[in-house]
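Here is a short note for someone opening this model for the first time. Please keep the structure in view while going through the points.

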Amino acid sequence: MDNTQRLRDFFFGYGRLMDTGVKTGKVDAKALEACFAEYFVGASPLGVMGGEAGEDFADMIVAGVDNYRRMGATEFVAEEVAVTPIDALHAMARVFWLFGYKRPSDGKTGTIRFENVYFVSLAGGDPKIFAWITPDEQAALKEHGLM
């Protein structure tokens, strides 16, 4: 069975949750937490890290969204999702994000576009993100004067 549309819907839903949290400050941490596997791996130019989505994972999600808001984030939109099936239970998804901002320092507005790559498992029935690869987010935020 090809789960392409199901996974596109999953990531657009994930994007809506992130965008709502950024826009309103009301983060549905439990819904966002449910998007992730019990264990995960993340890679970026800063290195590779892994962990368990333990008791404080929902708090970490809220803190991450709050940090974006403090920087001036005004929107966090999944603009497009491209899914590549790996097998019947796994896929890779490229999510193209738009990060809108209004800098607190001077009110200047702008956008940052970037792509994250996610690996998803359907082994438990529902899609779960178990790994992701991100660009150098810190450099992009600094370039736009948000850090």
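1. Lining of the largest pocket. The residues here split into 23 nonpolar, 8 polar and 2 charged. Keep in mind that this is a predicted model. The pocket's volume is about 910 Å³. In total, 33 residues line the largest pocket, and Met49, Tyr68, Trp132, Thr134 and Glu137 are the closest to its centre.

2. Where the lining comes from. Two or more residues each come from H1, strand S1 (36-44), strand S2 (47-52), helix H3 (57-71), S5 and helix H4 (137-143). Which element gives the most to this lining? H3 does, with 8 residues.

3. The nonpolar core. The largest nonpolar core has 38 residues. Those with the most contacts inside this core are Phe11, Tyr14, Phe76, Trp97, Phe99, Tyr118 and Ile129. The elements that give two or more residues are H1, S1, H3, S3, S4, S5 and strand S6 (128-133). H1 gives the most to this core, with 7 residues.

4. Phe99 up close. Phe99 is among the residues with the most contacts inside the core. What does Phe99 contact, leaving aside neighbours within four places in sequence? The list is Tyr68, Ala73, Glu75, Phe76, Gly110, Thr111, Ile112, Phe114, Leu141 and Leu146. One of these, Phe76, is also on the list of residues with the most contacts inside the core. Another, Tyr68, is one of the pocket residues closest to the centre.

5. Salt bridges. How many are there? The count comes to 7 salt bridges. In general, side chains of opposite charge can pair when their charged atoms come close.

6. Glu80 and Arg8. Their side chains meet in a salt bridge, at 2.5 Å from N to O. This pair links distant parts of the chain. Glu80 sits in strand S3 (residues 73-87) and Arg8 in helix H1 (residues 4-24), 72 residues apart. Glu80 counts as partly exposed because its relative accessibility is 36%.

7. Glu115 and Arg94. Here too the side chains meet in a salt bridge, 2.5 Å from N to O. Glu115 is in strand S5 (residues 109-121) and Arg94 is in strand S4 (residues 90-102). The two are 21 residues apart, and the pair links distant parts of the chain. Glu115 is partly exposed, at 27% relative accessibility. Arg94 is partly exposed as well, at 32%.

8. Lys30 and Glu33. The closest N and O atoms of this salt bridge are 3.5 Å apart. Both residues lie in helix H2 (residues 29-33), 3 residues apart, which is about one turn of the helix. Glu33 counts as buried, because its relative accessibility is 19% and the cut-off for buried is under 20%.

9. Glu52 is placed in strand S2. At 48% relative accessibility, Glu52 counts as partly exposed, since exposed means over 50%. Which residues does Glu52 touch, not counting those up to four places away in sequence? They are Glu38, Tyr39 and Phe40. Glu52 and Tyr39 are 13 residues apart in sequence, but their C-alpha atoms are 4.4 Å apart in space.

Conventions. Residues are numbered from 1 along each chain as its sequence is written. This is a predicted model: local features need pLDDT of at least 70, side-chain atom pairs count only at pLDDT 80 or more; totals for chains, interfaces and linings use all residues. Side-chain values use heavy atoms; hydrogens and water are left out. A salt bridge is a side-chain nitrogen of Lys or Arg within 4 Å of a carboxyl oxygen of Asp or Glu. Helices (H or I, at least four residues) and strands (E, at least two) are DSSP runs, numbered from the N terminus. Buried means under 20% relative accessible area, exposed over 50%, partly exposed in between (1.4 Å probe, protein chains only). On a 1 Å grid over the protein atoms alone, a cavity is a set of points where a 1.4 Å probe fits but cannot get out, and a pocket is an open set with protein on both sides within 12 Å along at least five of seven lines; lining residues have an atom within 4 Å of a point. Grid points are joined across faces, edges and corners, and a volume is the space filled by probe spheres set on the points. Ala, Val, Leu, Ile, Met, Phe, Trp, Tyr, Cys and Pro count as nonpolar, Asp, Glu, Lys and Arg as charged, and the others, Gly among them, as polar. A nonpolar core is a set of buried Ala, Val, Leu, Ile, Met, Phe, Trp, Tyr and Cys residues joined through side-chain atoms within 4.5 Å. Contact means heavy atoms within 4.5 Å.
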